[in-house]
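Biologist: I would like to learn how to read a model like this one. Please take me through it feature by feature.

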Amino acid sequence: MREDEVAAEEAWSVFRLVEEATMSANALKLRLALQAVLALAVTGCGGDATAPQASSGPTTLAVSTSVAADPAAVTTAVVKLPRYQIDPAKIFVAGISSGGFAAVQMHVAHSSTFKGAAIYAGGVYWCAGLEGAAGALANCGGQTLPTNQASYNSTLAASIAYLDAQSSLGTIDPSSNLKGQPVYLWSGTQDTVVNPREMADLNSEYQHYGANVRFDNAFPAAHGWESPNGELPCGTLGSPYMVNCTVNGAVYDSVKTWLTMFLGPLSPRNNGKLTGTLSTFDQTEFGASPNVSMSSTGKIFVPKTCTQGKTCGFVLAMHGCLQAESLIGNRWVTEAGINEWADTNRLVVLYPDTIASSAPGPTNPKACFDWWGYANQYDPNYALTSGLQMSVLYAMVQRVTGRP
């Protein structure tokens with residue numbers, strides 16, 4: 001067992017002792033702090049706490065009621081992933097938490113393909129370096145919580161140096177592709193899982209490469225993905241990590257914000273029965289397996305017009321830790337609030353899925369996407385185009401979009 005895995009096991013042992021202890025006020029605080037820290041260590045951030053977090057921030061923000069649209073028609077059979085007519089100028093990636101870190105990797109490594117990114121509670125490219133789970137804990141905004149901001153360990157400079165080197169070597173697409181691309185960033189002020197300073201570093205990184213960034217970082221949100229369909233109030237930390245927030249008493253819609261950045265003016269959101277179809281597709285033909293901690297199946301939402309040969313856009317949407325289908329069912333897919341906009345704006349949305357895994361295979365007990373190199377026990381190329389899990393995911397993108 002590697003040193004980082006041993007450290008992670010020891011940390012979880014401490015956490016279990018806290019769980020077994022009497023929950024005094026001080027013990028509860030310790031539990032929440034350990035929980036947030038350890039969620040990042042080997043789970044790639046996703047959190048495991050269920051207790052609501054105190055809200056603070058702008059007084060104009062308040063808790064909203066979730067507004068959920070009727071679900072799309074769902075096909076029960078597992079289908080082979082089809083190809084659609086996709087506009088190469090409208091291919092985007094989005095992700096939350098571990099999926100946010102992985103989305104940054106995907107965007108940077110394949111910046112010739114992806115024309116924009118939406119990142120929720122992620123962090124800078126290659127933040128874990130070559131230090132495995134221990135590096136992810138120390139370097140990716142999880143070990144230093146907002147209450148201990150002074151000891152935050154920024155890896156921005158190392159990230160930029162590595163990105164520049166790999167761009168020069170051709171192991172990722174040229175970094176110059178990022179210039180002018182729209183990038184949306186979300187970080188809640190109450191996020192105790194990924195330090196908001198990590199997202200501030202990501203904001204600086206994208207600006208360094210000339211991206212057109214919008215940074216939503218004033219909402220008193222806990223760790224999670226924000227949409228009107230989210231079932232948890234804005235400041236609540238817990239499963240399924242889908243929150244809804246308001247501004248000036250009105251429901252906020254972060255998805256609308258970034259889709260407008262990507263596409264321009266949008267057709268109205270479908271708040272009724274969706275006309276598109278949500279299908280289950282086979283991930284194994286692309287190399288998904290326990291070796292890369294990926295499920296045998298994923299989901300794809302396809303608007304009716306896209307099945308009829310119309311040219312459409314595309315979004316690769318990646319969940320966070322503890323949000324795999326085996327853990328929360330379809331709630332990531334149906335509460336993300338992407339399908340409602342995709343249905344009326346001709347966007348195909350691909351939702352790849354992960355599985356939990358443990359030694360002797362990848363150590364990924366909470367089904368995170370790979371952003372520290374867990375695939376095949378350890379993959380030092382995890383953030384490059386040759387990364388094991390990266391290659392599986394990109395092969396799916398190539399199928400749907402027809403990219404070479």
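**Reading the model**

Modeller: Buried residues make up 58% of the 404 residues in the protein; buried means under 20% relative accessible area, exposed over 50% and partly exposed in between, with a 1.4 Å probe and protein chains only. This is a predicted model, in which local features need pLDDT of at least 70 and side-chain atom pairs count only at pLDDT 80 or more, while totals for chains, interfaces and linings use all residues. Residues are numbered from 1 along each chain as its sequence is written, and side-chain values use heavy atoms, with hydrogens and water left out.

Biologist: How many helices and strands does the protein have?

Modeller: The secondary structure comes to 12 helices and 14 strands. Helices (H or I, at least four residues) and strands (E, at least two) are DSSP runs, numbered from the N terminus. Contact means heavy atoms within 4.5 Å; of the contacts with a separation of 6 or more, 75% are between residues 24 or more positions apart.

Biologist: How do I read the packing of two helices?

Modeller: Two packed helices are described by the angle between their axes and the distance between the axes. Here helix H5 (residues 156-169) and helix H6 (residues 196-208) pack at about 35°, with axes 10 Å apart. Axes are lines fitted to C-alpha atoms, for helices over the stretch in contact, and angles run from 0 to 180 degrees between N-to-C directions.

Biologist: Which residues of H5 and H6 make the contact?

Modeller: H5 supplies Leu-156, Ser-159, Ile-160 and Leu-163, and H6 supplies Asp-201, Ser-204, Glu-205 and His-208. An α-helix has 3.6 residues a turn, so residues three or four places apart point the same way.

Biologist: Is helix H4 enclosed or open?

Modeller: Helix H4 (residues 132-139) is largely enclosed by the rest of the structure, because six of its eight residues are buried. The buried ones are Gly-132, Ala-133, Gly-135, Ala-136, Leu-137 and Asn-139. Just after H4, Gly-141 takes a positive phi of about 85°.

Biologist: How are paired strands read?

Modeller: Two strands pair if DSSP finds at least two bridges between them. Strand E2 (residues 86-96) pairs in the parallel sense with strand E13 (residues 312-318) over six bridges, and four bridges join E2 to strand E3 (residues 117-120), also parallel. Ala-94 stands opposite Ala-317 in E13, and its bridge partner in E3 is Ala-118.

Biologist: In what order do the strands of the open sheet lie?

Modeller: The three strands of that sheet run E6-E8-E7, with parallel pairing. Strand E6 (225-226) and strand E7 (232-233) stand at the edges with a single partner strand each, so one side of each has no neighbour in the sheet. E7 pairs with strand E8 (residues 242-244) over two bridges, and Leu-232 stands opposite Val-243 in E8.

Biologist: What about a nonpolar core?

Modeller: A nonpolar core is a set of buried Ala, Val, Leu, Ile, Met, Phe, Trp, Tyr and Cys residues joined through side-chain atoms within 4.5 Å. The largest one here has 76 residues, and those touching the most other members are Tyr-125, Leu-185, Tyr-206, Ile-300, Phe-314, Leu-316 and Val-348. Helix H12 (residues 388-401) gives the most to this core, with eight residues. Apart from it lies another core of 37 residues, including Tyr-184 and Val-333.
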